[in-house]
Amino acid sequence: MNKLPLQTRVQILQMLCEGSSMRSISRITGVSINTVSKLLIDAGLACAAFHDKTVREVTAKAVQCDEIWSFSYAKQKNVKFAKAAPAAAGDVWTWTAIDADSKLIVTWHVGDRSADTGTSFMYDLKARLANKVQLTTDGHNAYLKAVEEVDLDADYAMLNKIFATDYAGPGRYSPPKCIDAIKNPIKGNPDPALVNTSFAERQNLTMRMSMRRFTRLTNAFSKKFENHCHALALYFVFYNFCRVHKTLGVTPAMAAGLIETPVKVTGIITMIDEANPIKARGPYKKRGPEISN
């Protein structure tokens, strides 16, 4: 099959960032599921490189961090019962750092919920910031070791939430009620008024609404860890650079001063074609699996 028309490729990428599943995209656009998968891989690789290069020297006042759960192939508790489970099967945690003012996702990292993953996440955050910030995280202990080990230049505080104990059992899907939040200064002199994780938590909801593979209680979970990473790379570039934030009236990257005008989805297509100049002129065929960064 020849290379897809530009309009079809744009439609596929937009649907991938607006909560549509890969199979529904295949049905609506009339292309094979393998073609959708290949375009996701190409877009993920191009977007990961673009984010790594562009989101640098970010000037921010307050940064909030959080981690969101998902899984690949099977939930961690079911991996031992799964047939031919790959090495990366199980729970997957996506760590994010958001600028509270511009709503820019400064960095993100995919892994487990360990202190080592948290340290790698903080090292990358440190490399992208241009100034001292106020950092707020939840009460996850991995952040304590991570911030200390990377010697992040920040006034750091933890927001420890206290939840009601009226848990209704394993069949309950809604979280317990938050009855209190304790602000704990950890490092420097954090401003209590800026100790907040609301924007990071709201971003978690946006991610679940924008990527079908994050939707809970469905069969739309990621089947391959690599594709999970590619979907995240595409989403974060789309969120930071393409989609105008409803409250800000500009994209987060514009609010952060990284760009002057929004990046169109056709711009992502250009990134893909520039990364694959020979393939862009030839037939659009399925290729072997890629490994994400």
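A residue is called buried when its relative accessible area is under 20%, and partly exposed when the value lies between that limit and 50%. This briefing applies those terms to the charged pairs of a predicted model. The structure holds ten salt bridges. Side chains of opposite charge can pair when their charged atoms come close.

**A pair within one helix**
- Asp42 and Lys38 form a salt bridge, with their closest N and O atoms 2.4 Å apart.
- Both residues belong to helix α3 (residues 33–54), and because they are four residues apart there, about one helical turn separates them.
- Asp42 is buried, and Lys38 is buried as well.

**A pair between a loop and a strand**
- Arg113 and Glu67 meet through their side chains in a salt bridge of 2.8 Å, N to O.
- This pair links distant parts of the chain, 46 residues apart: Arg113 sits in the loop between β3 (105–111) and α4 (115–128), and Glu67 in strand β1 (residues 62–72).
- Glu67 has a relative accessible area of 6% and is therefore buried.
- Arg113, at 34% relative accessibility, counts as partly exposed.

**A pair between a helix and a strand**
- A salt bridge of 2.8 Å, N to O, joins the side chains of Glu201 and Lys161.
- Glu201 is in helix α6 (residues 198–210) and Lys161 is in strand β5 (residues 154–163), so their pairing ties together parts 40 residues apart in sequence.
- Glu201 counts as partly exposed at 31% relative accessibility, and Lys161 counts as partly exposed at 32%.

Conventions
Residues numbered from 1 in each chain as written. Predicted model: local features only at pLDDT ≥ 70, side-chain atom pairs only at ≥ 80, totals over all residues. Heavy atoms only, no water. Salt bridge = Lys/Arg side-chain N within 4 Å of Asp/Glu carboxyl O. Helix = DSSP H or I, 4+ residues; strand = E, 2+ residues; numbered from the N terminus. Buried < 20%, exposed > 50% of the residue type's maximum accessible area, 1.4 Å probe, protein only.
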